[in-house]
Amino acid sequence: MIMTPTFVTFSRNVFIPLTNICRNRCGYCGFRRDIGHPEARLLTPSEVADILDRGVQAGCSEALFTFGEHAEEVEGFIPLLNELGYHSIIDYLADMCRLSIQKGLLPHSNPGTLEKDELEKLRSCNASMGLMLETTGIIEAHNGCAGKTPEARLKTIRTAGQLRIPFTTGILVGIGENPSDRVRSIQMIREIHEEFGHIQEVIIQNFIPKPGTGMSSYPPPDMKTMKETVSLARRLLPEDVAVQVSPNLISPGELLKCGASDLGGISPETIDYINPESAWPTLMELRAMAGAQLKERLPIYPHYVKKEWYSTEIAHLLRSLSDTEGFRKIY
Ligand code: SF4
């Protein structure tokens, strides 16, 4: 039987939703907006700089860049990008990552599926990157979403491994997949990690229905399903891969007893733009939830810091933020 770990890790970040324009239309998504919608956004460099400054002031170590996927495929997006002086969202992201490094936050980007040249462009200016596998199942919620085929997502995760990018992935539970899809998804992640050794954490994230979406009336997964899935992940994944649960989406106490050991990034400054109805716990609340010692980490896990899986571009900042074990330095 797995017991609560001796310590539980987390990081402090600012959430930077660079754009919410997206080529996909996932049935559960409350984040995506059409061009022309009053809430459609492509953040400007000064808006990004403002969030970064607030993050530094609040003691964060990570800038989490999140996205709609391949927005440049959406008609009307390129002119918005051109107004900022860019032709490629990846080039724009790379520059915003460099701004983040300059200001003192380690970038972690989640721009969706990427080709090898795009990953290569982002590798040197990110401490780590991420892409949720979500599921290897073929589900209705992903109908017509080019970026949500399991093949496309597994290819990006594998390519990140070839490039030795410390990587975060995970599965979404309750989006229409079945239990055997969950087993298969975790097995696929394990197989890729066994080949490349770059998966630092696997998020087991519970679906939360969003008003106004195709899945607004779908029930979220119950605690029993979440406990079984976290236990399964802990059993199937190698020890050096952390299992993460999201403390703003589910009470983590029981899940920590099932093998989760990381509570992800919480933000003292920005909301979870993907799940805006779910407030981050404060540090004090997180401590109470953990039931064990809390240990702050960076967006790159300690073993990748020790192995020096980072570029010269972030080396100086990384060394200034990490302790001798590769966790967040406590001043
Ligand atoms: S979940 Fe992500 S990929 Fe799917 S529509 Fe929303 S922003 Fe796009």
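Trainee: Why is Ile-78 called partly exposed?

Mentor: Happy to start there. This is a predicted model, and in it Ile-78 has 16 other C-beta atoms within 10 Å. A residue is buried at 20 or more such atoms and exposed at 12 or fewer. The count of 16 lies in between, so Ile-78 is partly exposed.

Trainee: Where does Ile-78 sit?

Mentor: Ile-78 is part of helix 2, residues 77–83. Its C-alpha atom is separated by 42 Å from that of Asp-323, which is 245 residues apart from Ile-78 along the chain.

Trainee: What makes strand 3 largely enclosed by the rest of the structure?

Mentor: Strand 3 covers residues 106–110, and four of its five residues are buried, so the strand is largely enclosed.

Trainee: How do you know that strand 2 and strand 3 pair?

Mentor: Pairing needs at least two bridges. Strand 2 (residues 62–67) and strand 3 run parallel and are joined by five bridges, so they pair. As an example, Ala-63 has Pro-107 of strand 3 as its bridge partner.

Trainee: How many bridges join strand 3 to strand 4?

Mentor: Two bridges join strand 3 to strand 4 (residues 128–130), and at least two are needed, so these strands pair as well. They run parallel too. Here Ser-109 has Met-129 of strand 4 as its bridge partner.

Trainee: What makes up the shell around the ligand?

Mentor: The shell divides into four nonpolar, three polar and three charged residues. Among the residues around the ligand are Cys-22, Cys-26, Cys-29 and Phe-31. Cys and Phe count as nonpolar. Others around the ligand include Arg-25, Arg-32 and Glu-69, and Arg and Glu count as charged.

Trainee: How do you know that the radius of gyration of the protein chain agrees with that of a compact globule?

Mentor: Set the two values side by side. A compact globule of 331 residues would have a radius of gyration near 20 Å, and the protein chain has 18 Å, which agrees. The C-alpha atoms fill a box of roughly 55 × 45 × 40 Å along the principal axes.

Trainee: What share of the 331 residues is buried?

Mentor: Buried residues make up 47%. The protein chain holds eleven helices and nine strands. Among its contacts between residues at least 6 apart in sequence, 77% join residues at least 24 apart.

Methods:
Residues are numbered from 1 along each chain as its sequence is written. This is a predicted model: local features need pLDDT of at least 70, side-chain atom pairs count only at pLDDT 80 or more; totals for chains, interfaces and linings use all residues. A residue is near a molecule or strand if its C-beta atom, placed from the backbone, lies within 6 Å of it. The radius of gyration is taken over C-alpha atoms; the globule rule is 2.2 Å times the number of residues to the power 0.38. Two residues are in contact if their C-beta atoms, placed from the backbone, lie within 7 Å.
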